[in-house]
Amino acid sequence: PEGFDYYDIDSILSEETMVPCELRHGCTGVGTVLDPGSDQRDLQPGSKVDLPLWMVQVMAKRQLLQVHLPIYFKDHMRRKLRAGAGCESLRVRCAYFYTVAHKVHDAMVGCGTSDESFPDFIASTFAGRYADLLTKAPTLDTMTDVSEIQAKLSNEELRLFNLAIGSSA
């Protein structure tokens with residue numbers, strides 16, 4: 001898929017994120033593969049399945065499915081993230097939060113189901129978390145403080161945080 005770095009482990013791992021989708025057309029003979037809980041070999045149009053992001057991107061470009069936002073990008077999570085940068089651990093929800101957000105949005109645009117407020121939400125989430133969590137790196141005194149903040153960061157944020165700690169040393 002476009003934007004995929006074959007040798008980058010983070011890119012590979014982010015592409016394995018499961019994304020909820022609805023099939024626009026049926027699928028013959030792959031029902032038990034795409035939906036392990038199903039006993040049907042064929043999936044009907046309108047079937048809801050969770051697919052890996054790498055597959056979603058390809059199928060969305062071909063208008064084969066409708067992409068829905070994963071739970072960690074929906075309104076409940078948006079409210080939590082707006083409440084404060086330290087309120088929610090992105091590592092637990094989606095370790096590659098921003099990478100997945102970008103790719104899910106591209107897939108949603110590709111199949112015509114994009115949420116226009118989504119890019120602004122992701123940008124404001126990053127800006128808020130950067131200002132609140134990542135700028136604390138040079139001022140932390142103990143490894144306990146560092147570990148507490150690191151546990152809340154997505155992999156993208158963690159990379160920036162560790163660079164900030166390294167530059168302050």
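Helices (H or I, at least four residues) and strands (E, at least two) are DSSP runs, numbered from the N terminus. The model shown is predicted: local features need pLDDT of at least 70, side-chain atom pairs count only at pLDDT 80 or more, and totals for chains, interfaces and linings use all residues. Residues are numbered from 1 along each chain as its sequence is written, and side-chain values use heavy atoms, with hydrogens and water left out.

**View 1. Nonpolar surface patch involving helices H7 and H9.** Phe-126, Tyr-130, Leu-160 and Leu-163 together form a nonpolar patch on the surface, with about 360 Å² of accessible area. Patches are made of residues with over 30% relative accessible area and no salt bridge; like charges are joined within 9 Å, and nonpolar side chains (Val, Leu, Ile, Met, Phe, Trp, Tyr) within 5 Å. Accessible areas come from the Shrake-Rupley method with a 1.4 Å probe, and for residues only the protein chains shown count as cover. Helix H7 (118-132) and helix H9 (155-168) each supply at least two residues of the patch. Phe-126 lies in helix H7 and, at 30% relative accessibility, counts as partly exposed; buried means under 20% relative accessible area, exposed over 50%, and partly exposed in between (1.4 Å probe, protein chains only).

**View 2. Salt bridge between Asp-10 and Arg-159.** The structure holds seven salt bridges, each being a side-chain nitrogen of Lys or Arg within 4 Å of a carboxyl oxygen of Asp or Glu. In one of them, the side chains of Asp-10 and Arg-159 meet at 2.7 Å, N to O. Asp-10 belongs to helix H1 (residues 9-14) and Arg-159 to helix H9, so the pair ties together parts that are 149 residues apart in sequence. Arg-159 is partly exposed, with a relative accessible area of 44%.

**View 3. Salt bridge between Glu-22 and Lys-48.** The closest N and O atoms of Glu-22 and Lys-48 are 3.1 Å apart. This pair links distant parts of the chain, with Glu-22 in strand E1 (residues 18-23) and Lys-48 in strand E2 (residues 48-52), 26 residues apart. Lys-48 is exposed, its relative accessible area being 62%.

**View 4. Salt-bridge network of Lys-80, Glu-88 and Arg-93.** Arg-93 and Glu-88 meet through their side chains in a salt bridge of 2.8 Å, N to O. Arg-93 is partly exposed at 37% relative accessible area, whereas Glu-88 is buried at 9%. Salt bridges that share partners join Lys-80, Glu-88 and Arg-93 into one network.

**View 5. Three-stranded open sheet with antiparallel pairing.** Two strands pair if DSSP finds at least two bridges between them. E1 and E2 pair in the antiparallel sense over five bridges, and Pro-20 has Asp-50 of E2 as its bridge partner. E1 also pairs with strand E3 (residues 65-67) in the antiparallel sense, over three bridges; in E3, Val-67 is the bridge partner of Cys-21. The strand order is E2-E1-E3. The edge strands are E2 and E3, each of which pairs on one side only. Neighbouring strands of this sheet are turned by 45 degrees against each other on average, direction ignored.

View 6. Glu-22 has Gln-66 of E3 as its bridge partner. Axes are lines fitted to C-alpha atoms, for helices over the stretch in contact, and angles run from 0 to 180 degrees between N-to-C directions.
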